[in-house]
Amino acid sequence: MARRPIALVTAAVLFLEAPGIVAINAVMARFVKIQAMSLDGMHPDAMYAGTWALGIASGIALALCGLVALVAGLRDRRPGRVGRGLLIGCAVVHGVLGAVTVGLIGWDAFAFMMLVLGLIVLTLVVYGKADEKGAGPREGAPVPA
């Protein structure tokens, strides 16, 4: 199976998505600052800083998920427990954001989010438990005494 290319493509897509999400949040932060927007009386500067912080944190999280997929693809081994947790969290976020974007942005954005979700899930599935070396006895192998 083509496990390596799947993981490497997933890593590439996540690495490309990371600066994109930071740029989107930068644009939103700029709008918040220019229009002095606030939620429930929160200071506009706090909204501006919070938008930037969310964008940077999201970009770092996507880059970490891309790094996990890249390492899995280069080593051709499944990610560790923390790496799988990061990829699962990333997949859940893409699923939820995909559901939101279909209503707010449109079907093209939804299709992209579902493509990334599919790549992440496919990376997790192709590096399942069955690929562990020495995970258990092979079929027809003698039982140890």
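What share of the contacts in the protein chain with a separation of 6 or more comes from residues 24 or more positions apart? The figure is 67%, where a contact means heavy atoms within 4.5 Å.

A note before the views: this is a predicted model, in which local features need pLDDT of at least 70 and side-chain atom pairs count only at pLDDT 80 or more, while totals for chains, interfaces and linings use all residues. Residues are numbered from 1 along each chain as its sequence is written, and side-chain values use heavy atoms, with hydrogens and water left out.

**View 1. The protein chain holds four helices and zero strands.** Helices (H or I, at least four residues) and strands (E, at least two) are DSSP runs, numbered from the N terminus. Of the 145 residues, 29% are buried (under 20% relative accessible area; exposed means over 50% and partly exposed in between, with a 1.4 Å probe and protein chains only).

**View 2. Helix 2 (residues 44-75) meets helix 3 (residues 81-104).** Their axes come within 9 Å and cross at roughly 125°; axes are lines fitted to C-alpha atoms, for helices over the stretch in contact, and angles run from 0 to 180 degrees between N-to-C directions. The two helices are therefore oblique to each other (under 35 degrees is roughly parallel, over 145 roughly antiparallel, 65 to 115 roughly perpendicular, and the rest oblique). Look for Leu 62, Leu 64, Cys 65 and Val 68 on helix 2, and for Gly 83, Leu 86, Leu 87, Cys 90 and His 94 on helix 3, which make the contact. By class, that contact has seven nonpolar, two polar and no charged residues (Ala, Val, Leu, Ile, Met, Phe, Trp, Tyr, Cys and Pro count as nonpolar, Asp, Glu, Lys and Arg as charged, and the others, Gly among them, as polar).

**View 3. Asp 76 forms a salt bridge with Arg 3.** The structure holds one such bridge (a side-chain nitrogen of Lys or Arg within 4 Å of a carboxyl oxygen of Asp or Glu), and here the closest N and O atoms are 3.3 Å apart. Asp 76 lies in the loop between helix 2 and helix 3 and Arg 3 in helix 1 (residues 3-35), so the pair ties together parts 73 residues apart in sequence. Asp 76 is partly exposed, at 24% relative accessible area, whereas Arg 3 is buried, at 16%.

**View 4. Lys 33 sits in helix 1.** Lys 33 is partly exposed, with 41% relative accessibility. Leaving aside residues up to four places away in sequence, Lys 33 touches Asp 45 and Tyr 48.
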